[in-house]
Amino acid sequence: MPTRMSYILILFLFLVAAISLEVIFHPHLFDSLKERITWTLIIFIIGILWDTYAVSHQQWIFPGNGLLGINIGILPIEEYLFFLIPP
């Protein structure tokens, strides 16, 4: 059974792993900070629109288990973070 904050904990672990890989291997996925921010925002906007559409049409749900319980609109805060952290 998931803990109350399992989604946010997974996102935190993903963030720590991504930062660690960045520091250790220095991958050059983007040429500039501007490019990194631009692509992150594009992915964020598309992802939020996609999820909002899916949830509003009952194609996707976020049951309360594992979530903090903080929503922005119809999506949990963790879903917004999901589209910011991995990119």
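This is a short chat about a predicted model.

Colleague: What sort of model is it, and how are residues numbered?
Modeller: It is predicted: local features need pLDDT of at least 70, side-chain atom pairs count only at pLDDT 80 or more, and totals for chains, interfaces and linings use all residues. Residues are numbered from 1 along each chain as its sequence is written, and side-chain values use heavy atoms, with hydrogens and water left out.

Colleague: Which residues make up the largest nonpolar core?
Modeller: Six residues: Phe-44, Ile-48, Val-55, Leu-75, Tyr-80 and Phe-83. A nonpolar core is a set of buried Ala, Val, Leu, Ile, Met, Phe, Trp, Tyr and Cys residues joined through side-chain atoms within 4.5 Å. Buried means under 20% relative accessible area, exposed over 50%, partly exposed in between (1.4 Å probe, protein chains only).

Colleague: Which helix gives the most to this core?
Modeller: H2, with three residues. Helices (H or I, at least four residues) and strands (E, at least two) are DSSP runs, numbered from the N terminus.

Colleague: What does Ile-48 touch?
Modeller: Leu-75, Glu-79, Tyr-80 and Phe-83, leaving aside residues up to four places away in sequence. Contact means heavy atoms within 4.5 Å.

Colleague: And Thr-40, buried or exposed?
Modeller: Thr-40 counts as buried because its relative accessibility is 12%. It lies in helix H2 (residues 33-56).

Colleague: New topic. Where is His-26?
Modeller: In the loop between H1 and H2. His-26 has a positive phi of about 50°, yet is not a glycine. Most residues other than glycine have a negative phi.

Colleague: Is His-26 buried or exposed?
Modeller: Exposed, because its relative accessibility is 52%.
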